[in-house]
Amino acid sequence: MNTIKYLICAYTALCLAVSSCASINIDDVTGIELKDVAVQVDYTSARVSGYFKDISKIDMITDIQIKYGISYDSINQVVSAKYDGPNGFSADIRSLEDGCQYFYRVDIIVGKTTLVGEILNFVTFPIGPIDLDLPSGKRWASHNVGAENPTASGEYYAWGEIEEKNNYNWKTYNFCVDGSFSKLTKYVTEEHRSYFGSPDNMVELLPEDDVAYMRLGEGWSIPTYKDWMELIDNSLISSVTINGIKGVKISSLSDRHNFKKFIFLPSQGGLYKDTSLNYDTYAYYWTSTLSKFSYEAVNIYVDALNSLNYSSNFR
């Protein structure tokens, strides 16, 4: 988020470059100042919003314009903002290219005078599947199952189940009897036959139990443990906040400046029984791989420091 103080520029002089405008302490001229200027991005659109620090100055304003373009020197497209609430404004920018960096500024029109804003930037999300230049050639989805965009949490599932539910525990789990993890009916190894049920020695989810395959179709699957390790070992991983959501950005290691080659893992917590866990701090992602013990599966998690780790959790 940004607080912006303006340079003043006369429209009649067609002065668009900050360097060619007279630099004036705006508080001495109009007192107009913005705060919390932010942008919410999607695949092909963005919403720019902010607030006026002093609501009494709004009556002076003729128009609020968001000017944007694909380079710092070509901010030549314009959309007018609308007022949101007593002192806020927002503008929707549409028909953008996915996976592309844009530069923008917020200009305030006061009569025949333009108050030119600071130039900021944003990056739209690339539309999946995303090629991250991995050795296997596998591509990754651009968002979670059930999510509309990369910063949304999507849907929560028990391991091997393909439907959401209100309560996540052994009593509601599809693959056990009498609500006991010692009576598993599927995905049991020979090693644990006397403890957890009859063995079938299946350690990877079948397509029928893979929600990604069942929801998205042929070619899609929940990543295996090996898939996750390949991603972690062959990508650039950084901690970021996008659209106000903390998470991890994973970019192609060989083409890190290509904005069409990254995915975002939002920190949106998990569910245990009917309670959210570590929302906005951690994120938990299933692999399709059974753990050492048959009542657990391997999961990848984003911790409070926004780093990627793996562990085993109850299914």
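Residues are numbered from 1 along each chain as its sequence is written. In this predicted model, local features need pLDDT of at least 70 and side-chain atom pairs count only at pLDDT 80 or more, while totals for chains, interfaces and linings use all residues; side-chain values use heavy atoms, with hydrogens and water left out.

Select Val 39, Asn 121, Thr 241, Ile 242 and Asn 243, the closest to the centre of the second largest pocket among its 23 lining residues. A pocket here is, on a 1 Å grid over the protein atoms alone, an open set of points where a 1.4 Å probe fits, with protein on both sides within 12 Å along at least five of seven lines; lining residues have an atom within 4 Å of a point. The volume is about 550 Å³, taken as the space filled by probe spheres set on the points.

**Second stop: S3 and S4.** Select 33-41 and 46-52, strands S3 and S4 (strands are DSSP E runs of at least two residues, numbered from the N terminus). S3 gives the largest share of the lining, six residues. The two strands form a hairpin with four residues between them. Val 41 stands opposite Ala 46.

An antiparallel open sheet has the order S16-S17-S18. S16 and S18 (262-266) stand at the edges with a single partner strand each, so one side of each lacks a neighbour in the sheet. Within S17 (245-252), which five bridges join to S18, Lys 249 has Phe 264 as its bridge partner.

Key
Pairing = 2+ DSSP bridges.
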